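This report goes through the chain as a whole and then one of its sheets. The sequence and the structure come first.

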Amino acid sequence: MTTVNIISLNKTYPNQPVPVLKDFSLSINDGEMIALLGPSGSGKSTLLKLITGIERPDSGDIQFDGSSILSIDPNKRGAVLMFQQSYLFPFLNVEDNIGFGLKVQGASAETIRGEVKRMLNLIGLPGIERRKSGQLSGGEQQRVALARALVTNPKLLLLDEPLSSLDTSVRMNLQEAIRNIQRELGVTTIFVTHDLGEAMAMSDRMALLLNGEIVALDKPENLFHRPRSLTAAKFMGVSTFLSGDQLTVKNEACSSSEKIFAIRPEHIRIQKEACKNSMLGVVSDCVFRGEYIEYQVDVNDVTVRARMPMPAPMFPHGEQVRVNFPQEHLFEVN
Amino acid sequence: MKRITAYSLRAVLYFILIAPLLLFAAYAFSTRWFFPQPFPVEWTTITFLRAINDSRTLSSMAQGIWIAILVSVLSLMLALPAARVQGLREFRGRQLAWLLLFLPTIIPPLAIGMGLNILFLRIGLAGTIAGVVLAHIIPTLPYTIFTLSSAFARFDENYEFQALALGASPWQIFLKVTLRMMTPSLVVATLFAFLISWSQYLLTLLIGGGQIITLPILLFSAASGGNPSTIATLSLLFVAPPVMVIAFTARSLSQHDNEIREQY
């Protein structure tokens, strides 16, 4: 069981002007699952490479349980990485793939067989020892890859978008499986993804990454409902920001003109009646999405995106409507 | 129609490949076969057995095989790192590096051989097996490097990173992952190196200086001597190892192929 401290990491790749990681610090509790959410190029994968030792940081430190691992050889760090593809060794069967880590560390054949069996039960695929990786579906391959990573009893499990190459249904299924196995074994985990829903569903805490820096770090529900900064709010799917410049609603919602208020798209109401904190707008788009209707309404030359949960009225293109920003859902960002 | 064309093309190809061998066999197992006769009249195995039991033939074959094996191993060892960098990395001067690596195929072996001969005479490598092996490596390298680098271009280093994270040491990764993934190309590269070395005449003659006798050397001297039966027998012996090597690798590659096909 491991606590992980990442302290002021800096990394710039040669021939690249911009650093990939800037003074990056992050503490992870024992047994915690942290999701790193960010667009490509935000430094997520680089961080994983630094932790595993594939790359070396320019400065800063990475500590497991308080002691630095930077001087330890990559193969002795106990940080196991799982990629987007399974990278199961094609020349080995499932048993030898899962047992690979134990074998190179010198475990006996008996131990390996027992452990492989235990892991196969854990991932819910008992009895497939003799199969080759090509005979497995994508989801099964990722399960086996997870078993291969966990069988060595790693201090830290690093998941680099392990689900992004899978179909939605398999993906949901595997999200739960990974989450349950991670909880059961209590292994400290960093989960890299660019999928907001996945990050929220999987993690104890989420770190939002942009240009090599953490812009927000909190529990998913806190980040979702009340992101503190404008950048974090945009990450979390908020697209409507109210201030004196854009929308006059400010006069009713708040007193100071310097403040910016945000509201989640599902909290905005599109209606016919005027009320407090509402503004006149024209519907520019209305899409039926099943669980909700997605509106785009032009208000004072600004497009406001709203999601009205069903059942909701459908207003056609060009209709004049009132866009209502309920006061209790407005929150301040900076 | 298409199939008939394919079959007839195949037949022509086989004929071109096999006819000379049949001719050699006819010469090797007959005596006194002269012009107007369409087929040999007298069949005999005496010349063939004599050539085979000749200690010079046997030792030249053994020496040739030994040299070819050494050349294959050394050529692979030299080619692997170079091929890896050429196949996996982008760097300034990569094209220039390609040019340099391919120079042996462009420059006439005679030019290399003459220069090497003088150098090897000075450092005492002329007339030794070591010298001949080193000389043979020159023409084999472009082939081994090219074969392996195209395999490395398709190779995904994440397999190695995966093994590293699972606790494998660099040597374990090399032996248990990299070499295993590269096996088919390694077989092909070895084959190239072996065959090029085995059939090398000029460099063996120049560097070996008459002290290192391989089958091609023997064959050339027999060819200038003029006994058709001996020439034919030596020629048959000369093509035997390559044919066996190719048959063996074709089989092991097709097995490997099936393994790979199973995976996808």
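**Contacts along the chain**

In this predicted model, 67% of the contacts in chain A between residues at least 6 apart in sequence join residues at least 24 apart. Contact here stands for heavy atoms within 4.5 Å.

**Overall make-up**

Chain A contains nine helices and 18 strands. The C-alpha trace spans about 75 × 45 × 35 Å along its principal axes. Of the 334 residues in chain A, 52% are buried, where buried means under 20% relative accessible area.

**Surface and charge**

The accessible surface of chain A amounts to about 15,000 Å². Carbon and sulfur atoms account for 46% of that surface.

Chain A carries 35 positive and 38 negative side chains. The centres of these two sets are 3 Å apart.

**A five-stranded sheet**

Five strands of chain A make an open sheet with antiparallel pairing, in the order E13-E17-E14-E15-E16. Strand E13 (269-271) and strand E16 (302-309) of chain A are at the edges, and each has a single partner strand, so one side of each is left without a neighbour in the sheet. From one strand to the next, the twist averages 45 degrees.

**The pairing of E15 and E16**

Strand E15 of chain A covers residues 292-299 and is joined to E16(A) by eight bridges. The two strands run antiparallel. Which residue in E16(A) is the bridge partner of Asp298(A)? The partner is Thr303(A).

How values were computed: Residues numbered from 1 in each chain as written. Chains lettered and ligands numbered in written order. Predicted model: local features only at pLDDT ≥ 70, side-chain atom pairs only at ≥ 80, totals over all residues. Heavy atoms only, no water. Helix = DSSP H or I, 4+ residues; strand = E, 2+ residues; numbered from the N terminus. Buried < 20%, exposed > 50% of the residue type's maximum accessible area, 1.4 Å probe, protein only. Areas by Shrake-Rupley, 256 points an atom, 1.4 Å probe, with all protein chains shown as cover. Lys, Arg positive; Asp, Glu negative; His and termini not counted. Charge placed at Lys NZ, Arg CZ, Asp CG, Glu CD. Pairing = 2+ DSSP bridges. Axes fitted to C-alpha atoms, helices over the stretch in contact; angles between N-to-C directions.
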